[in-house]
Amino acid sequence: MSRLAGGFAVIALAGCAVGPDYHRPALPVDNRYTPAPLPPRTAETGGVAGAAQSFRPGQDIPAQWWALFHCPALNMLVSRAIDHSPSLESAHQALLAAQEGVAAQKGALWPNVSGFFNPTRNKISQGMSVQGFNSYLYNLHTLQLNISYMPDVWGSIRRQIEASDAQRALARYQLDAAYLSLTSNLVNAAIQYAAIQGQIEATEGVIASARAILDINEKQKRFGDMGERDVTPQRVLLAQAEQSLPPLRQQLAAQHDLIDALTGDGSDVPTPDFRLADFHLPTELPVSLPLQLIDQRPDIRAAEETLHAASAQIGVAIANRLPDLDLVATPGLAANRFSQFATPGYGTWTLAAMITQPLFDGFTLLHRERAAQNTYKMAIEDYRNTIVLAVQNVSDALHAIGNDADTLVAAAKAEDEARKNLDFARIGNHYGDESTLLLLMAQQAEMQTRLTLAQAQSGRLSDTVGLFQALGGGWWNRKTADPRPVRDHVP
């Protein structure tokens with residue numbers, strides 16, 4: 001038996017893992033996002049989200065990047081969502097299942113041992129002569145171990161473990177991606193909620209202004225200074241402004257429902273009533289290099305683990321076409337009475353070995369190997385495409401930050417000029433120096449610039465969220481106290 005066990009060990013150690021060893025493919029990116037260098041800082045203006053932002057190449061991203069907006073209500077909302085999100089918990093359970101899958105796969109490297117005990121009561125025919133029995137009735141107790149071991153000669157089991165381990169890493173990065181998606185979507189939802197609130201407040205201000213002008217016009221009509229034809233356009237403008245308010249309120253309600261859904265706790269805790277002024281625009285923005293991005297983006301890491309698993313499956317497919325060796329040992333005892341189990345001479349054993357080689361299967365195994373190779377090539381292209389799209393994502397975010405800063409400057413200037421123009425039109429119309437038509441045009445322009453300003457302010461905040469999300473969200477900086485498993489550190 002000791003020689004047999006030694007033989008098992010030699011066979012296992014001498015085995016080689018067929019198929020390709022995984023190596024990260026060549027990276028299809030340069031170490032820059034834009035052809036021209038980034039500007040030192042963006043444009044700036046006064047008011048909400050009007051501060052200048054500067055880029056800091058190589059600066060790290062904090063794990064709780066949303067805290068850079070300095071909004072306590074937002075911080076509490078995100079923490080609540082992390083604790084109660086069903087999507088995050090689902091991804092966490094998927095990771096735990098994948099970890100158990102790896103552990104289960106490793107069990108195939110060990111011998112399979114099972115035992116059975118079979119007591120029987122037997123009667124034989126009187127016409128049969130059984131030596132050693134004084135009766136045609138007898139008992140037989142069989143105690144046996146079944147030991148089987150399939151040496152991993154070609155590395156099929158090790159490749160399966162490699163594939164399972166890659167699937168476990170894939171589940172880990174999918175959890176990180178779910179974490180990043182949840183936090184980014186929630187912060188964006190809060191910003192959009194505040195933006196809609198700003199548009200509602202702007203519309204209510206326009207309605208109040210239009211109603212005040214209409215009241216003045218009605219008084220002038222009663223005194224004979226205006227006719228019905230002069231007052232009607234103001235009524236139309238007021239009705240149009242009032243008509244635009246219910247859709248905005250509907251958007252606000254939908255955004256509120258979205259925040260509740262992302263939070264996922266179903267509790268009666270009220271959603272904060274966000275305003276754009278509650279958010280402070282981060283002024284220093286980290287910019288990781290594209291080569292760092294490959295280690296920071298969860299989707300890129302997940303695509304690479306998918307590629308790794310596909311590489312290992314090629315080895316499995318190749319090994320399936322090669323001979324298999326199965327070793328079996330069945331030591332046991334067979335006795336008529338329990339007391340005989342302790343007596344020498346009642347032992348039994350069987351040693352066997354079997355080599356299996358597929359001879360003809362309709363080329364099934366060959367086509368499976370080719371399919372595994374094609375899957376691997378597909379995974380390479382998916383991995384490269386994921387990198388290209390990630391770099392594009394960061395590039396788009398950087399361009400949006402610069403362009404939307406210019407948009408906000410223009411929108412703030414337009415809103416300021418429109419407000420001044422409306423003041424002049426009111427005064428002129430009151431003293432008869434300006435026509436009612438010019439006043440209406442001034443009101444419409446002022447209303448539009450207010451709405452545009454709120455959208456431009458929320459756009460700058462959302463652009464910053466988009467950059468943090470595009471750069472990976474700083475998941476590698478989370479502390480071990482985080483309820484999720486510890487992640488690999490990004491070098």
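Visitor: Why are α3 and α4 called roughly antiparallel?

Guide: The axes of α3 (residues 86–106) and α4 (residues 156–222) cross at roughly 170°. Angles run from 0 to 180 degrees between N-to-C directions, on lines fitted to C-alpha atoms over the stretch in contact. Under 35 degrees counts as roughly parallel, over 145 as roughly antiparallel, 65 to 115 as roughly perpendicular and the rest as oblique. The pair is therefore roughly antiparallel. The two axes come within 9 Å.

Visitor: What makes up the contact of α3 with α4?

Guide: The residues divide into 13 nonpolar, six polar and four charged. Nonpolar means Ala, Val, Leu, Ile, Met, Phe, Trp, Tyr, Cys and Pro; charged means Asp, Glu, Lys and Arg; the others, Gly among them, are polar.

Visitor: What are the rules behind the model and its numbering?

Guide: Residues are numbered from 1 along each chain as its sequence is written, and side-chain values use heavy atoms, with hydrogens and water left out. The model is predicted: local features need pLDDT of at least 70, side-chain atom pairs count only at pLDDT 80 or more, and totals for chains, interfaces and linings use all residues.

Visitor: Why does A49 count as buried?

Guide: Its relative accessibility is 6%. Buried means under 20% relative accessible area, exposed over 50%, partly exposed in between (1.4 Å probe, protein chains only). A49 is therefore buried. A49 lies in the loop between α1 (2–14) and β1 (54–57). Its phi is positive, about 60°, although A49 is not a glycine.

Visitor: Why is F363 called partly exposed?

Guide: F363 has a relative accessible area of 49%, so F363 falls in the partly exposed class. F363 sits in the loop between β8 and α9 (364–430). F363 also has a positive phi, about 65°, and is not a glycine.

Visitor: How do you know that β5 pairs with β3 and with β8?

Guide: Two strands pair if DSSP finds at least two bridges between them. β3 (residues 137–149) and β5 have three, in the antiparallel sense. β5 and β8 (residues 351–356) have six, also antiparallel. V328 in β5 stands opposite S148. V328 also stands opposite A352 in β8.

Visitor: Which residues of β5 form the covered face?

Guide: In β5 (residues 324–329), L325, L327 and A329 form the covered face. D324, D326 and V328 form the uncovered one. In a regular strand the side chains alternate between the two faces of the sheet.

Methods: Helices (H or I, at least four residues) and strands (E, at least two) are DSSP runs, numbered from the N terminus.
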